[in-house]
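Here's a quick briefing to read alongside the model. Have the sequence and the structure open as you go.

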Amino acid sequence: YDGRELWFAQNKILKANVHLKPNFVNAIGEGTTFDLAKKELVSGLEGLFDCTINYQNEVQPGNIVIALKNSGFVDAAISNTEMTSLGEEGFIIKYIASKKLILLTGNTEVSVLYAVYHYLRLLQTSKINLSSLNIIEVPSYQKRVLNHWDNLDGSVERGYAGRSIWKWDDLPNVLSKRYISYAKANASIGINGTVLNNVNASPDILLPEYLLKVKAIASVLRPFGIQVYLSVNFSSPAILDGLATANPKDKHVVLWWKNKVEEIYQLIPDFGGFLVKANSEGQPGPMDFGCTHAEGANMLADILAPYEGVVMWRAFVYNANGNDRAKQAYEEFMPLDNKFRKNVLVQVKNGPIDFQPREPFSPLFGAMKGTSLMPELQITQEYLGFSSHLVYLGTLYKEFLWSDTYSNGRGSTVAQVSSNKNSKRISGIAGVANIGSDNNWCGHHFAQSNWYVFGRLAWNPSLNVRHIAKEWIRLTLTQDEHAVKEIASMMMKSREAVVNYMTPLGLHHLMGWDHHYGPEPWCVIPNARADWLPSYYHKADSLGIGFNRSSSGTNATEQYAEPLRELFDNEASCPLEYLLWFHHLSWNYELKNGNSLWEELCYHYQDGVNQVRSFRKIWKSLEANIATQQFIEVNEKLKIQEKEAIWWRDACLLYFQSFSKQALPYGVDNPI
Ligand code: GCW
């Protein structure tokens, strides 16, 4: 194990920083994680400066000092107020001019580890000006968590990077080396929790033999500051131990969970808590017994509270009976606002439907004011070309996190209302992992950047996502400035490209209904639920296309705060990217730019194809800058992406043309 994977692959110092080689390292503190921080700092510096770095006891000019609070050294250098403002995980990286040295410190061991990773990253990615070096970082969300949709048989639901990294059959005796690389990669970007198993949860995860396996994983992740969580099946008491019911109000059921939780904490004292998908897509839940989501969640929350555990309760609910799936989570959860315990986070997907290439933000954000809402983003590309398509999700995440909910007037962005930086309430953010056993971890080299950007934004949603892309490129692919710029600009356009060739102008859910790969807007399945089929969403007919969610339709717009409601409700003011999400418009509807709707649709599909073609050119031009293997693999994937962008364009346009009955406008290629 050499640790040079993922964003440790390049291990090269930025030229502008070569003069920053320290004389020695001082480490003032102790503990398992502090020792790890020490080790990571020294081995990181040795790799970057290509030399041996020694420890020294005496603090001297030219050193790097890592220190825990309450060491006399920190007290002298940093004020008490400043230290307090860091909380448990924040850190300071500061040049202490009077002593001519760099200090990395924080209140806890893990905060020092974060400081170490941050400093090493800086050495590789941006010019450090020593005299003004004074970084104070405090994470925005408390719980920054990956969700693995990994099954106990080693398969991964919606995973496109091979089998699960968790080798359940080998555990607890054999610990894969990958667990350490995984822990390091996550800690280096500030991820502090992971849910090991699929939300469609097998009850077996709570069997004693599996808990021993979970304990073994937890022991590898713990030094890196990563807590382990489990997805649980709400019917576990009945399925595992034959209880007559799983009713959360039944005292036997409550006792069962109490004992189970106690068993877990005896094995894993820092266990994070449960993630629950209940009464959603056929999963059992409290509503099976006439109880609410809140009653179900609170039963578990009360049991976890003495251990400081949390419940992450998902709001991904929809049923076949409603007239608009986009409204259902709001309808089901809004009445429960203020009813959840303090250690419950309601986990809400970014959009109201399901991880589409583009959706407006879920209207629950901002609206559920008395509840901790935990955004759930998807890192795995279920609806964005799996691991075949190059799509940098930084722009998608940012668009979502910076959406203004207006719930508290202007500036109440999703990030702001969900991170609760200044409130006492617990905050969190989840990303559905794209990690597997593939050599390159995520199936596509560039898919690694989505794991990376998720972590960076979970730490600080205000970061610039182009800057994050450049960081990732420098850490992973190349330090050549021209290449960095070109690749970053390709990444920045890549999400818009996929929206263009799959679902432009607010269209959504046009994909193959079951596997979710490739276009299938025409899909008809006898006796299938209407809301599984694309026609439910695009509603194309001879008159036009789009889902009327305005006040003359399903009135989903009402779930948004003013002035957004009105903006979305009115087709003239509705942003082009959400137009067909909220409106059904005629093929000849004239847009502000003078194009008809049909023309605009065609141009977007064509733009998507053109963009992918330009990515291929950019990539080819950079061959000399990229390691051969990576170059070839990405090149091959881009070929697939171009072919499939064309497939999407042709399939969708030919299908929609059967309704519009109009020719393709000039500039749009004829179908292949
Ligand atoms: O979009 C759907 C996916 C399911 C997934 C579900 C969910 C884990 O197709 O595979 O199940 O979302 O988020 O629960």
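Where does the largest pocket lie? Domain 1 (6-137) and domain 2 (143-476) both give residues to its lining, so the pocket lies between them. A heads-up: this is a predicted model, where local features need pLDDT of at least 70, side-chain atom pairs count only at pLDDT 80 or more, and totals for chains, interfaces and linings use all residues. Numbering runs from 1 along each chain as its sequence is written, and side-chain values use heavy atoms, leaving out hydrogens and water.

**Domains**
- Besides domain 1 and domain 2, the assignment gives domain 3 (504-547 + 584-660); such bounds come from an automatic or database domain assignment.
- Domain 2 and domain 3 have C-alpha centres 29 Å apart.
- In domain 2, 24 residues are in contact (heavy atoms within 4.5 Å) with 22 residues of domain 3.

**The largest pocket's lining**
- Helix H4 (109-125) and strand E9 (227-232) each supply at least two lining residues; helices (H or I, at least four residues) and strands (E, at least two) are DSSP runs, numbered from the N terminus.

**Cysteines**
- The disulfide count is zero, taking a disulfide as a pair of cysteine sulfur atoms within 2.5 Å.
- Cys 291 is buried, at 5% relative accessible area, while Cys 51 is partly exposed at 23%.
- For those labels, buried means under 20% relative accessible area, exposed over 50%, and partly exposed in between (1.4 Å probe, protein chains only).
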